[in-house]
Amino acid sequence: MKSLFLRLLVSLWIAMALLVGLFAVIHGWAFSAESSSLRRRLSTRSVELRAESALSCARDGLSGCEQRLAPLEPRDQRVAVYRSGALVSGEPIEGAPLVEERARRSADGIAVEVGERELVAVVLRRDPSFVAVATGPVRSPWMFFIVPETLPLRLLAIVVVTGLVAVFLARYLSRPIHILRGATQRMAAGDLSVRVARRLAGADGETLALGRDMDRMAERIEELLETQRRLLRDVSHELRSPLARLNISLELVRRRSPPDVEPAFDRIERETERLNGMIGELLTLSRLESARGMERPERFDLTALVEQLVDDAALEAEQQGCSVELGARDACSLDGNEELLRRAIENVVRNAVRFTEAGTTVRIDLSCSGGVAEVRVRDRGPGVPEAALGDIFKPFYRVDDHRARGAGGTGIGLAITQRAVLLHGGEVEARNAEGGGLEVALRLPVGAGA
């Protein structure tokens, strides 16, 4: 039982149930006529005293003597005085002559009969010719709460009531934990705008203080990340100008240099192009992390986009000694930024072409069902270690740094893919396929117009 709510609920309910059970045992012991001789002695002595008081009052000719035999409260006994089966004082009680006779034959002068009513007959010691007969009140709906025979029903009612109270208390006590947990999950998903202090209003002081500290932490992290993104964006922009001037200078020097230094110039040109491409990817990544590019989504044909990407990748695959084929293709359209998704899918396809074995085929499948479009890209390369499958979408992460550099990768392409797909409300998953190779699946919500 890992849920805090269930733990609190069960604990409170068990505690209340044990308390109710203890009260029930005490109640049964106190109100059971068969098991409590002390109660019976006290009850019969009280009946006897009330009867003697009423007879003394009647002999003196005083008024109001009948009131001494009447019940003082609903739970009190009603008493009447009999002599040889005839009512002397009080209101008549059904079955009194029979109990009177039993009391006269009893050694201690007491007789008890339990039926619809509990009848108690006591022979008066002051004058044995009189017998006091007492009975409890008539059974009524209110007797449900005081009669021992209704104990199971009372226990059921109490358990239900205490259960409802336990549910309320458990929910009240666990609510702040659920709020904090939900906030941490949103923060882990990248939403640093979440705040919890207002939602924790009314909680205990320690929990409220924790919520405020969590808000300050989220604000600080959001500020640091925004500073980092701004720095990355500004540096990338500033590098573009020196690179442009470097390319111009390179062309000027190339024209005035002898042919034997041409290979060195070619190497410089490749490196500057690579650096320029990396800067472009950094700018794209910065734009995606700031959630730009989805301000005005448009509907486009995803099937046509995938077909075009396959044709483009086939040219690059020929140079690598492999091929690209489009397998299953469902008709599919969705709302979003076509250019961002083009970059996202293209990065996965080019990555597969880059690492697949020579003479093999990179397969791309497009399916659309259940409101979800799925693009699967499967290569026949060495795959990725299982421990690194969740890290390949991080910026600048390389499974094998030397191999990645040799293949021309920058370590940013798959990060752009993941952020572009997440920006469209989808998800990206990578796994090692059976038979070797890496399979990357991009799942995107199609929307209402599919």
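Which residues form a nonpolar patch on the surface? They are Val 10, Ile 14 and Leu 18, with about 270 Å² of accessible area together.

Hi everyone, a word on the ground rules. This is a predicted model, where local features need pLDDT of at least 70, side-chain atom pairs count only at pLDDT 80 or more, and totals for chains, interfaces and linings use all residues. Residues are numbered from 1 along each chain as its sequence is written, and side-chain values use heavy atoms, leaving out hydrogens and water.

Back to Leu 18, which lies in helix α1, residues 4-31 (helices, H or I, are DSSP runs of at least four residues, and strands, E, of at least two, numbered from the N terminus). Leu 18 counts as exposed because its relative accessibility is 61% (exposed is over 50% relative accessible area, buried under 20%, partly exposed in between, with a 1.4 Å probe and protein chains only).

Now for strand β12, residues 438-445: 7 of its 8 residues are buried. Strand β10 (residues 372-378) runs antiparallel to β12, joined by 7 bridges, and Val 372 has Pro 445 in β12 as its bridge partner. (Strands pair if DSSP finds at least two bridges between them.) β11, residues 427-432, is also antiparallel to β12, with 6 bridges; here Ala 430 partners Val 440. β11 and β12 make a hairpin with 5 residues between them, and Gly 435 in the turn has a positive phi of about 90 degrees.

Last, the cysteines. The structure holds 0 disulfides (pairs of cysteine sulfur atoms within 2.5 Å). For Cys 368, the nearest cysteine sulfur is that of Cys 332, 3.2 Å away. Cys 368 counts as partly exposed because its relative accessibility is 22%.

Methods
Patches are made of residues with over 30% relative accessible area and no salt bridge: like charges are joined within 9 Å, nonpolar side chains (Val, Leu, Ile, Met, Phe, Trp, Tyr) within 5 Å. Accessible areas come from the Shrake-Rupley method with a 1.4 Å probe; for residues, only the protein chains shown count as cover. A salt bridge is a side-chain nitrogen of Lys or Arg within 4 Å of a carboxyl oxygen of Asp or Glu.
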